[in-house]
Amino acid sequence: MKKKYNAQTERLMDLMIHSIYTNKEIFLRELISNASDAMDKMYYIALNDKDVKFDHDDYYIRIEADKDNRTITISDNGIGMTEDELVENLGTIAKSGSLDFKNENEKSEDHEIIGQFGVGFYSAFMVADEIEVLTKSYKEDEAHIWKSKGADGYTIEDAKKDDHGTSIKLHLRENTEDENYDEFLDEYRIRELVSHYSNYISYPIKMKVNKKRPAADSTDDDPKFEDYTEDDVLNSSVPMWRKNKNELKEEDYNNFFKQRHFGFEDPLAHIHISVEGVISFKAILYIPSRRPFDFYNPDKKSGLELYSNGVLIMNKCEDLLPDYLSFIKGVVDSEDISLNISREMLQKTRELEIIKKNLEKKVLAELEKILKNDREKYEEFFKNFGVVLKSGAYENYGADADKLKDLFIYPSTKRDSVTFAEYRKDMKPDQDLIYYANGDSADEIKKLPQIKSFIDKDIEVLILKDAIDEFVIKMIDAYDEKKFKSISETSADEKDDKEESPEYIKNMKELLKDEVVEIKENKNLTDDAAYLSSKGEVSIDMEKTFKNMPGNQGFKAQKVLELNPNHPAVMKLKELSKDDEKFKSYTNLLYNGARLLAGLSVENKIDFVKEISKLM
Ligand code: ADP
Ligand code: MG
C-alpha cells in the first residue's frame, strides 16, 4: 500500500525533483556518508553489546553501476533499518537532521538550501526518478524494500537479503538537453566524485572495475589480452590527519571539512597539529567561516570527532576544548587513548586533559595570527563567533579572561574595530580610563546626551553591542592598568559634595527618593534636559540584561538623574515652588523622559501620557 510522506518531506522532495542545482553530484557524498554513519552505529552498538562483533576490516561500502539498466547502487553492511525505522527515517523529514524548516518564511533559493543543508538522502531525487532501498536491520531476520518514485509517496514490502545493511538503488533519470545523468554510470566519473567528496571516509569504498591482463596464451611475439573484473578501493586509506602537512593543499583541507559535514562552505582557517610526546596525537581543527544554522539551538551538541588510532570512538567529544571554543570543528586522533574506554571514564583521563590544553593553546595562537595578519578575516570571524569567545572571559569567574582579552575587538566612535591594545596605545596623554558605551552603532551612541564631552575632547569610546559585553569588561576590570568606565556612569569629578545642592534639586530628590540615588546638574548637556547615569557595579544596561535573564534576581542600577541647568524645562522647574502641582508633574516628566532615553520602560505609562496631555 502506498504511504504518504509528511508535508515537509513532500515539499523537500518537490524541491529536489525540480532542482536546477548545478552540483547534483553531491547525492553520492550524501549516500556514502549515510552508509558510513550506518557502520559507525554498528560499531557503537558493538562497544556496549558483547554479542555484537565488529571488526573494522569486514565493513565497506560498495558502488555498482549498471549501464544497461541505468542504475547506480550504494550498499553498506551497517545497522540497516526495520520497517518502522524506514517509515520514520525516510518518510518524515523531521527525522532527518539535515534540514530545519524553522525558517519557513524566509524565501531561499533552492540551491541555497541545498548548499547550506546538504539535504541528505532526498538529494538522490535530483538524479533519480525511482529509488529502491533494500535493507535489513541487524536486530531482525526479515528484510524490507522501500520504493518511491517521488513526492506522491512510497511503498514498503517484505524482501530477502542475506546480511544486515542497506542497499540503495537509484534509477537514473532520462538525460535531457541540459543534463547528462549517464555520467553517474561512468567509472572514471564515480572515481572522481569519491576522491573529491568522500576520500577520507574511514571505510573502504569498493567498486568492481574492468581491467585487462595478458591472456594465458599470450606470448612476446603474439601479445593477447583478456578482460577481467576486480574490486578497486576508490578512497584513500590513509586518514587525512596522518598525512604530512606539505603533502596537502588548501583544497584538501576544505574538501575534508565538507566531507565530514562540518559545514557547507570553505572554512575560514585550518590548524593541522601533530604532537609527539608523553601523549601523542594528531588533529585537524577548523575555524568555520559561518555560523551553522542550528548554532543557537540549545540541544545541539558541539565537540570534536575523537579517534583512537584511526578508529572513531566519539562523534562529538565535548571535553577536548573549552566551551568558549565550542564553534571549532575537527578531528583528533590519539593512539594514547584506549579504544575501549567508556565515555564516563574518558572525561576524567589525564590524556584528554593534556590534549585539551594543547588544542586550546593552538587555537588561540591561530586566532592571534589571523588578527595580526588579516584583519578583515578576523572581523568576519568575530562577527560570527565573538560572542562565544567573549563568554569565555566571563565564565569560570574570569579565570580565562587574561588569555582572551587581546582577542577581543569592538567598534568604537572612531573606527570599525579596535583591540584594547590599540585603544590603549592611542589614548590621550592625560586620559586615565578606557571609556565605553552600550549601543548598536556609532550613530546611536553619538546621539546619547552624555557623549558630547567625549567628542569635544576627541576621546575614543568603545561601543558594546552584546548584552554580555559589559559583564565581560567588568570581569577584565583593567587593561594595562587602565580601568574601564561606562560613559553612562556618573563622573565623580563633576559632582561637588561640599557645595550645597540648589533648592529645586533638594525638592526633586524628595519626590524621587525611591527612584534615584542622586540628582545633579551637568553643564556638559546640550540638547537634552535630563539623562540617567548610574553609580556602582550595576549599570543601567546591566539592569536591562538582568531583567531578561531567567530567574531575574532584580538587580537594579543605582540611578543618577543628571539635569541640564540651561535647558528651558529645567529653568522652568527652578522657578516653581515645591508645592506647585506643576513641580511634581515636571519632575516626573523629566525623570521618565530620562528613563526612556536610557532604554528603560516607564513604570506607569498611563499616568505619564496623561501628564503630557495635561501640559499640552
Ligand atoms: P541525516 O543523515 O542527516 O540524518 P539523511 O536524510 O541523510 O539525514 O538520512 C535520514 C536517515 O535515514 C538517517 O538519519 C538514517 O537514520 C537513515 N538512513 C539513511 N541511509 C541509511 C543507511 N544506509 N543505513 C541505515 N540508515 C540510513
Ligand atoms: Mg545523511
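Which side chains meet in a salt bridge at 2.8 Å, N to O? The side chains of Arg213 and Glu226 do, a salt bridge being a side-chain nitrogen of Lys or Arg within 4 Å of a carboxyl oxygen of Asp or Glu. The structure is a predicted model in which local features need pLDDT of at least 70 and side-chain atom pairs count only at pLDDT 80 or more, while totals for chains, interfaces and linings use all residues. Residues are numbered from 1 along each chain as its sequence is written, chains are lettered from A and ligands numbered from 1 in the order in which they are written, and side-chain values use heavy atoms, with hydrogens and water left out.

**Salt bridges**

- The structure contains 49 salt bridges.
- In one of them, Asp231 pairs with Lys208, with 3.5 Å between the closest N and O atoms. Asp231 lies in strand 8 (residues 225-233) and Lys208 in strand 7 (residues 205-214), so this bridge ties together parts that are 23 residues apart in sequence. Helices (H or I, at least four residues) and strands (E, at least two) are DSSP runs, numbered from the N terminus.
- Asp231 is partly exposed, at a relative accessible area of 30%. Buried means under 20% relative accessible area, exposed over 50%, and partly exposed in between (1.4 Å probe, protein chains only).
- Because Arg213 belongs to strand 7 and Glu226 to strand 8, the pair ties together parts 13 residues apart in sequence.
- Arg213 is partly exposed at 38% relative accessible area, and Glu226 is partly exposed at 32%.
- Glu265 and Arg290 form a further salt bridge, their closest N and O atoms being 2.9 Å apart. This pair links distant parts of the chain, 25 residues apart: Glu265 is in the loop between helix 6 (250-259) and strand 9 (269-275), and Arg290 is in the loop between strand 10 (281-287) and strand 11 (304-308).
- Glu265 has a relative accessible area of 37% and is partly exposed; Arg290 also counts as partly exposed, at 47%.
- Glu187, Arg191, Lys211, Glu230 and Asp232 are joined into one network by salt bridges that share partners.

**Negative surface patch**

- A patch of negative charge on the surface brings together Glu83, Asp84, Asp141, Glu142, Glu157 and Asp158. Helix 3 (83-91) and strand 5 (154-159) are the elements that give two or more residues to this patch.
- Patches are made of residues with over 30% relative accessible area and no salt bridge, with like charges joined within 9 Å and nonpolar side chains (Val, Leu, Ile, Met, Phe, Trp, Tyr) within 5 Å.
- Asp141 sits in the loop between strand 3 (128-136) and strand 4 (143-148). With 69% relative accessibility, Asp141 counts as exposed.

**Aromatic pairs**

- The whole structure has 28 aromatic pairs. Rings of Phe, Tyr and Trp (its six-membered ring) pair if their centres lie within 6.5 Å; planes under 30 degrees apart count as stacked, over 60 as edge-to-face and the rest as tilted.
- Phe54 and Tyr59 are stacked, at 4.3 Å centre to centre with 20° between the planes. Both of these residues are buried.
- Tyr394 and Phe471 pair edge-to-face, at 5.8 Å centre to centre with 65° between the planes. The pair links distant parts of the chain, 77 residues apart, with Tyr394 in helix 9 (residues 375-394) and Phe471 in helix 14 (residues 469-476).
- Tyr394 is partly exposed at 37% relative accessible area, whereas Phe471 is buried at 9%.
- Phe327, Tyr378, Phe381, Phe382, Phe385 and Phe408 are linked into a cluster by ring pairs.

- Helix 14 is largely enclosed by the rest of the structure, because six of its eight residues are buried. The buried residues are Asp469, Glu470, Phe471, Val472, Ile473 and Ile476.
- Asp477 lies in the loop between helix 14 and strand 16 (478-479) and is partly exposed, with a relative accessible area of 38%.
- Asn396 likewise has a positive phi, of about 50°, although it is not a glycine. Asn396 is in the loop between helix 9 and helix 10 (401-404) and is exposed at 54% relative accessible area.

Technical notes
Accessible areas come from the Shrake-Rupley method with a 1.4 Å probe; for residues, only the protein chains shown count as cover. Lys and Arg count as positive and Asp and Glu as negative; His and the chain ends are not counted. The place of a charge is taken as NZ of Lys, CZ of Arg, CG of Asp or CD of Glu.
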